[in-house]
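Trainee: I would like to go through this structure one question at a time. Please give the cut-offs as the terms come up.

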Amino acid sequence: MLLQPSRTKRIKPKSKIRPLIFKLFGVIVLLVVIEGGTRACVNGVTSRSIQNNTLGVGHVSVASGAPPAAFYYLILGELRNGSITLDDISAAPVNISSLIVTSQNLRFDRAKLVTGKAKLGGTAPYTTTIYLSPKNLGDYLNATVTFTGTYLTATIDGHNLNVIPKLVGHEIVITDGTYRYTVPLPGKEYLPCKPNGIGIGNGITMSCSAATPPPIIARAAK
């Protein structure tokens with residue numbers, strides 16, 4: 001009787017790729033959690049702090065800007081391309097729908113952040129953008145204002161106007177050549193520099209850049 005040669009069972013080597021994939025996935029999840037947590041913390045604390053130190057402002061929001069915010073803020077101490085937005089501002093001489101301040105490098109003191117306070121530093125220039133809604137303009141002109149493209153339509157003192165608003169000096173001028181009405185620009189408290197022009201589209205938008213943020217924000221975050 002012939003003996004059958006014994007068969008040895010080949011053991012497949014364990015794949016080293018799968019553990020690496022799991023580790024990589026874990027690192028990615030951790031980075032996402034850190035990024036999300038940093039954004040939520042910085043945005044929430046700074047927004048509440050500025051809100052608590054302003055009057056006549058309906059809502060404040062701070063955006064962390066470009067990712068990775070965790071690296072920019074935790075390591076470099078800045079928000080790259082961050083922004084601060086104030087909405088529904090009761091102001092003189094005209095109410096403001098929104099005011100947005102942006103800078104390539106917004107800096108909030110990290111030590112102050114731990115105490116719940118927003119201390120703003122940053123790198124000039126600061127760009128301020130103000131949006132006046134049809135309601136803002138209508139309240140000042142005591143009229144109902146609407147926009148169709150770049151044309152403003154309103155009936156003011158019984159005069160029907162359908163015109164393109166223009167920026168002349170420190171005023172927004174609404175005129176058809178016969179009747180002329182003006183809306184003054186928001187004061188330096190909100191618009192610290194003179195805009196070169198205006199953007200028109202369901203309201204009026206103005207922007208300018210200055211060495212400092214508007215005083216309403218500078219005081220609230222000092």
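Trainee: In which helix is serine 49 found?
Mentor: This is a predicted model, in which local features need pLDDT of at least 70 and side-chain atom pairs count only at pLDDT 80 or more, while totals for chains, interfaces and linings use all residues. Residues are numbered from 1 along each chain as its sequence is written, and side-chain values use heavy atoms, with hydrogens and water left out. Helices (H or I, at least four residues) and strands (E, at least two) are DSSP runs, numbered from the N terminus. On that numbering, serine 49 belongs to residues 17-52, helix α1.

Trainee: Is serine 49 buried or exposed?
Mentor: Buried means under 20% relative accessible area, exposed over 50%, and partly exposed in between (1.4 Å probe, protein chains only). Serine 49 has 6% relative accessibility, so the class is buried.

Trainee: Which residues does serine 49 touch, not counting those up to four places away in sequence?
Mentor: Contact means heavy atoms within 4.5 Å. With residues up to four places away set aside, serine 49 touches Gly116, Lys117, Ala118 and Ala220.

Trainee: How many helices and strands does the protein have, and what share of its residues counts as buried?
Mentor: The secondary structure comes to five helices and 12 strands. Of the 222 residues, the share that counts as buried is 38%.

Trainee: What part of the contacts with a separation of 6 or more comes from residues 24 or more positions apart?
Mentor: The count takes contacts in the protein with a separation of 6 or more. Residues 24 or more positions apart account for 56%.

Trainee: Which residues touch the most other members of the largest nonpolar core?
Mentor: A nonpolar core is a set of buried Ala, Val, Leu, Ile, Met, Phe, Trp, Tyr and Cys residues joined through side-chain atoms within 4.5 Å. In soluble globular proteins, nonpolar side chains tend to be buried together. The largest core here has 46 residues, and those touching the most other members are Ile84 and Leu86.

Trainee: What is isoleucine 84 in contact with, leaving aside neighbours within four places in sequence?
Mentor: The contacts of isoleucine 84 include Ile50, Ser61 and Val62.

Trainee: Which cysteines form a disulfide, and where do they lie?
Mentor: A disulfide is a pair of cysteine sulfur atoms within 2.5 Å, and the count by this rule is one. The sulfur atoms of the pair are 2.0 Å apart in the link of cysteine 193 and cysteine 208. The pair links distant parts of the chain, 15 residues apart: the loop between β10 (180-184) and β11 (199-200) holds cysteine 193, and strand β12 (residues 204-210) holds cysteine 208. Both residues are buried, and the names asked for are cysteine 193 and cysteine 208.

Trainee: What is the handedness of that link?
Mentor: The angle about the S-S bond is 85°. The link of cysteine 193 and cysteine 208 is right-handed.

Trainee: Which residue forms a salt bridge with aspartate 139?
Mentor: A salt bridge is a side-chain nitrogen of Lys or Arg within 4 Å of a carboxyl oxygen of Asp or Glu, and the whole structure has two. The closest N and O atoms are 2.9 Å apart, and the partner is lysine 135.

Trainee: Which side chains meet in a salt bridge at 2.4 Å, N to O?
Mentor: The side chains that meet at this distance are those of glutamate 189 and arginine 219. Glutamate 189 is in the loop between β10 and β11 and arginine 219 is in helix α5 (residues 215-220), so the pair ties together parts 30 residues apart in sequence. Glutamate 189 is partly exposed at 25% relative accessible area; also partly exposed, at 49% relative accessibility, is arginine 219.

Trainee: What is the phi of asparagine 142?
Mentor: Asparagine 142 follows α4 and lies in the loop between α4 and β5 (146-148). This residue is exposed because its relative accessibility is 72%. Although asparagine 142 is not a glycine, its phi is positive, about 55°.

Trainee: What is omega for the cis peptide bond joining alanine 92 and proline 93?
Mentor: Proline 93 is in the loop between β2 (79-89) and β3 (96-106). For the cis bond from alanine 92 to proline 93, omega is about 5°.
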